[in-house]
Amino acid sequence: MKGLADGKVDATSSVIAHLDLCLDCRACETACPSGVVYHELIEETRAQLSGKKPRSGTDRFVEYLFLNIFTQPTRLKLALLPARLLQKLRLWPLVKRLSAKYLPKQLDKMQQMLPARGPWWESNLRTFYPAQAPDNVKRATVGVFAGCIGSVLFQHVNRQTIALLQYAGCDVVVPQSQLCCGAIHHHAGRIPEAQSLAKKTIDAFFKDESLAVDFIVNNISGCGAMLKDYEFLFRNEPEILERARTLAAKVRDISELLVELNPPRPIRSIERTVTYHDACHLAHGQKVTGPPRELLSWIKGLKVVPLFESDMCCGAAGTYNLTQPDMARRLAERKINHIKNTGAGICVTANVGCAMQIQSEAERIGVDIRVVHPITLLHEAYFGKESHSRK
């Protein structure tokens, strides 16, 4: 990157391909003794090279999907309807076999990651959920950032997050105008588009004063890392910088805030053995490793087995597993082998991308692993396995 900036290296196809192989997992930031914020450099470089990258027709189609469909919840719901129909008709296994045989690797990977079941049309969250603490004490007003893909494929985790916040004594608000945080565009080097989405997020949480919140919570580590970076994203735009800085200061991963709120411990026991995978943008991007493990320690009967290389990337890395499927698959197989060696049947991770990557790749190679969010286990410990979100 320095060679490109200094004019000593040309932006050849091999140079661009080399930079594209970077996961942007930010593990180098954790390791670097000088504290270099590497992801800012790689994303700026990708932005400068975006028009020089050779792309196939498949590359363009995949890029269109994840920039224009994945980041728009309503469009994503519509795009999923044919797949849901095929799943209901029990034709999805046939689709997967044909996909692996005939589709380009990127598109095959995309269908492979889709969870095997889901509702026809995921309903939206309400705007307001009142606190329901056992001691009737209200401790905070919390805004929930639902995410784009998360609000469609993992809305149940959002509902579980809200229920736990209510129990911890929080009024919960969910601004209806929120869309995508901008992370997908930012990682792709599309900085103006990322800023546009980020401005809409800021407006969603600050435009209506009746929705004023003490904290902004999310349960998707990639989104959380992006939200916390809003101050840097708008460093050259003074008219919005202060609001970006204020929003970033309020952002918490759900595990961080629950540990801070310290609610009464769950009384239900869960007699299972699990292992924990550190999502890159939580461990390296947000430097949050202790709180998710502390939440798991609250659950009686739960045995947590250490995972070798727990903070090494599983290959999801935002949309990396779609743009670099071969490398992503090798990383996933390495991760799954370590999970298998723990003897745990459940892998816990705090990011939807990691969950889809590990689950789908485990199914592909025939390893019986169930991947869940720590909030799902904690919700079960508080409210029972069949319990739904509280009213």
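This is a predicted model: local features need pLDDT of at least 70, side-chain atom pairs count only at pLDDT 80 or more; totals for chains, interfaces and linings use all residues.
Residues are numbered from 1 along each chain as its sequence is written, and side-chain values use heavy atoms, with hydrogens and water left out.

**Aromatic cluster**

- Tyr167, Tyr382 and Phe383 form one aromatic cluster.
- Tyr167 and Tyr382 make a tilted pair, at 5.0 Å centre to centre and 55° between the planes.
- This pair links distant parts of the chain, with Tyr167 in helix H10 (residues 155–167) and Tyr382 in helix H22 (residues 374–383), 215 residues apart; helices (H or I, at least four residues) are DSSP runs, numbered from the N terminus.
- Tyr167 and Tyr382 are both buried, where buried means under 20% relative accessible area, exposed over 50% and partly exposed in between (1.4 Å probe, protein chains only).
- The ring centres of Tyr167 and Phe383 are 5.9 Å apart with planes at 80°, so this pair is edge-to-face.
- Because Tyr167 lies in helix H10 and Phe383 in helix H22, the pair ties together parts 216 residues apart in sequence.
- Tyr167 counts as buried at 17% relative accessibility, and Phe383 counts as buried at 15%.

**Charges over rings**

- The charged end of Arg235 sits over the ring of Phe232, 3.8 Å from its centre; the criterion is NZ of Lys or CZ of Arg within 6 Å of the ring centre and within 35 degrees of the ring normal.
- The charged end of Arg265 sits over the ring of Trp298, 3.9 Å from its centre.

**Helix H8**

- Helix H8 (residues 105–113) is mostly covered, with eight of its nine residues buried.
- Among the buried residues of H8 are Leu107, Asp108, Lys109 and Met110.
- The buried residues of H8 pack against helices H5 (57–68), H7 (92–102), H19 (320–323), H20 (325–342) and H21 (352–365), with contact meaning heavy atoms within 4.5 Å.

**Cysteines**

- The structure holds zero disulfides, a disulfide being a pair of cysteine sulfur atoms within 2.5 Å.
- Cys28 is in no disulfide, and its nearest cysteine sulfur, that of Cys25, is 6.4 Å away; Cys28 is partly exposed, with a relative accessible area of 36%.
- Cys280 is likewise in no disulfide, with the nearest cysteine sulfur, that of Cys313, 3.8 Å away; Cys280 counts as buried at 7% relative accessibility.

Key:
Rings of Phe, Tyr and Trp (its six-membered ring) pair if their centres lie within 6.5 Å; planes under 30 degrees apart count as stacked, over 60 as edge-to-face and the rest as tilted. Helices (H or I, at least four residues) and strands (E, at least two) are DSSP runs, numbered from the N terminus.
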